[in-house]
Amino acid sequence: STWGTLHFGIKRTMSFPARAFVQGHNGGGMPPESALVVAELGRRGIPFEVLTTEAMLARPLPLTRNDLVVGDFDWTRTALKQLGVSMPAPPDYPECLSGFLRRRVWSSTLGEIKNYLTVGDGVGGAVFIKPLTETK
């Protein structure tokens, strides 16, 4: 469905998402984040389908670029591959979303991180570490 005026007064004329495909688990469950997305899709009247990974692999999704795909990394990677879209090179956080990460992102080595946490400014703190060359 086409969105009208949003809370910020921005007028949207395109229909995104036209529909959504959400990853579910065998037995009907899904992660809490996915359940929140499904509830919001229902509230907005956007059609959605909940599928297991096995179902998606058995029958490729009828995806278009107007569809929303909600799932884990492998689910999303498979959907992008079906669309012919290559995965972005890491780090793949869009700069415009950096304020929502709630953490500083920088490149370092394990030795530098160890030093930072034991004798540097980060003593007693915590650091989220993610591989630089592989998406996760």
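**A guided tour of the predicted model**

Of the chain's 136 residues, 18% count as buried, where buried means under 20% relative accessible area with a 1.4 Å probe and protein chains only. The model is predicted, so local features need pLDDT of at least 70 and side-chain atom pairs count only at pLDDT 80 or more, while totals for chains, interfaces and linings use all residues. Residues are numbered from 1 along each chain as its sequence is written, and side-chain values use heavy atoms, with hydrogens and water left out.

Begin with a cartoon view. The chain has 4 helices and 3 strands, and from the N terminus on its elements run β-α-β-α-β-α-α. Helices (H or I, at least four residues) and strands (E, at least two) are DSSP runs, numbered from the N terminus.

Next, select strand S1, residues 19–23. Of its 5 residues, 4 are buried. S1 runs parallel to strand S2 (residues 48–51), joined to S2 by 4 bridges; S1 also runs parallel to strand S3 (residues 67–70), again with 4 bridges. Two strands pair if DSSP finds at least two bridges between them.

Now follow the chain from S1 through helix H1 (residues 32–44) to S2. This β-α-β crossover is right-handed: with the strands pointing away from the viewer, the path from the first strand over the helix to the second runs clockwise.

Move on to helix H3, residues 73–83. At its start, a side-chain oxygen of Asp-72 comes within 3.3 Å of the backbone nitrogen of Asp-74. Just after H3, select Gly-84, which has a positive phi of about 75 degrees.

Finally, display the largest pocket, with a volume of about 560 Å³. A pocket is an open set of points on a 1 Å grid over the protein atoms alone, where a 1.4 Å probe fits, with protein on both sides within 12 Å along at least five of seven lines; lining residues have an atom within 4 Å of a point. The volume is the space filled by probe spheres set on the points. Among the 23 lining residues, Val-105, Trp-106, Phe-128, Ile-129 and Lys-130 are the closest to the pocket's centre.

Conventions:
A polar contact is a pair of N or O atoms within 3.5 Å; within protein, one must be able to donate a hydrogen and the other to accept it, and residues adjacent in sequence count only if both atoms are side-chain atoms. Buried means under 20% relative accessible area, exposed over 50%, partly exposed in between (1.4 Å probe, protein chains only).
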